[in-house]
Amino acid sequence: MGTTGEKYSAWAEVEARGVSDLYFDWATGVAADEEILELVDGLPAAKRQPNLVFASARMAGVPLAPYREARSEFVARWDSIRGVALTHATQTNEVRRCAVLVPELAKIPGPIALLEVGASAGLCLYPDKYAYRFTTESGVDELAPESRSDVVLETELRGPSAPTRLPEIVWRAGIDLNPLDVADPASREWLETLVWPEHDERRRHLHAAASVVAEERPLLVAGDLNEAFEEVVAQAPADATLVVFHSAVLVYLSPEARESFVGKVRASGAVWISNEGKSVVPEVATQLPANADNGTVLAVNGTPVAIVGPHGQFFHALDVP
Ligand SMILES: C[S@@+](CC[C@H](N)C(=O)[O-])C[C@H]1O[C@@H](n2cnc3c(N)ncnc32)[C@H](O)[C@@H]1O
């Protein structure tokens, strides 16, 4: 598994390089800093991940400055950083993921009952309320709800033609270990802090989508997705197609818990849309072509249909036999 320093170094290269210069600098700095590594190693293993430590540092007042300047603040504020890390979790709610969900949701005719497991604040439960700009090989296709939307999500679409209708969602619910309420200022601040420093557009989307959610709150149930699943499914209207989806969630579950969830979702008869890392859902992983692009896998009912950007930046259709 490697030392914490090795993990920070790998995270800098794999996750942060070219995505956030500041987090790349911080992660490379921490990786080579014995004193800070000792502090990080004093956290429980699940709390040592750079994304959580850096968001906690920002909440604790560490300035967004190069590591050589910020380092002394990591030391001076470590008790607060530790306090935030111990009481918070990485719950990044990325609304742009709706842009890669909509091409599949739009294929479902008639009313949809939408259940998201691992919903965080529920921002992805409103794909029908946002506007889209799909960049395809032949140009840009726009799709927007009748009532104006301040959330305009862009994605590059390779393969299918852009959807021409929005899904009709008549019921929406989420399950999360710790559902976040967008109307609560502390939760909103945490959601904002989880967005990486330079990613202003993501922060703008977050604000605009939070206003949509605050206007029409979804049913958000606190609990483990396996434990709460049947109870929430039972509340879905019977005359709508039940769609269960999740993104960047199953990775937090043990292999046994992932398998149990897949069994439950299949038994429910729902349309199952999964958006997870390539190795997270074993039955999806085995069907992936060896030369698949980098990204996460969008799968429908266990069949991979596209490689998508981790934050919904692109949808590259797969030609799976
Ligand atoms: C990285 S966030 C992704 C949020 C959202 N799906 C999105 O794509 O924007 C992962 C979410 O899964 C939730 N989660 C993790 N394990 C869970 C479990 N066993 N049961 C329910 N929710 C869980 C976390 O609390 C967190 O809100």
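Helix axes here are lines fitted to C-alpha atoms over the stretch in contact, with angles running from 0 to 180 degrees between N-to-C directions. The structure is a predicted model, in which local features need pLDDT of at least 70 and side-chain atom pairs count only at pLDDT 80 or more, while totals for chains, interfaces and linings use all residues. Residues are numbered from 1 along each chain as its sequence is written. Helices are DSSP runs (H or I, at least four residues), numbered from the N terminus.

**Domains**
- The protein chain is assigned domain 1 (4-87) and domain 2 (95-317), with bounds from an automatic or database domain assignment.
- The centres of domain 1 and domain 2, taken over C-alpha atoms, are 29 Å apart.
- Contact (C-beta atoms, placed from the backbone, within 7 Å) joins 8 residues of domain 1 to 5 residues of domain 2.
- On the domain 1 side, helix H2 (21-31) and helix H4 (50-59) each give two or more residues.
- That side of domain 1 comprises 5 nonpolar, 1 polar and 2 charged residues (nonpolar: Ala, Val, Leu, Ile, Met, Phe, Trp, Tyr, Cys and Pro; charged: Asp, Glu, Lys and Arg; polar: the others, Gly among them).

**Packing of H2 and H5**
- The axes of H2 and helix H5 (residues 67-76) come within 10 Å and cross at roughly 65°.
- Asp 25, Trp 26 and Gly 29 of H2 meet Tyr 67, Ala 70 and Arg 71 of H5.
- By class, this contact has 3 nonpolar, 1 polar and 2 charged residues.

**Ligand shell**
- Around the ligand are 22 residues, of which Gln 91, Gly 118, Ser 120, Leu 225 and Ser 247 come nearest (near: C-beta atom, placed from the backbone, within 6 Å).
- The shell has 10 nonpolar, 8 polar and 4 charged residues.

Notes: Contact = placed C-beta atoms within 7 Å.
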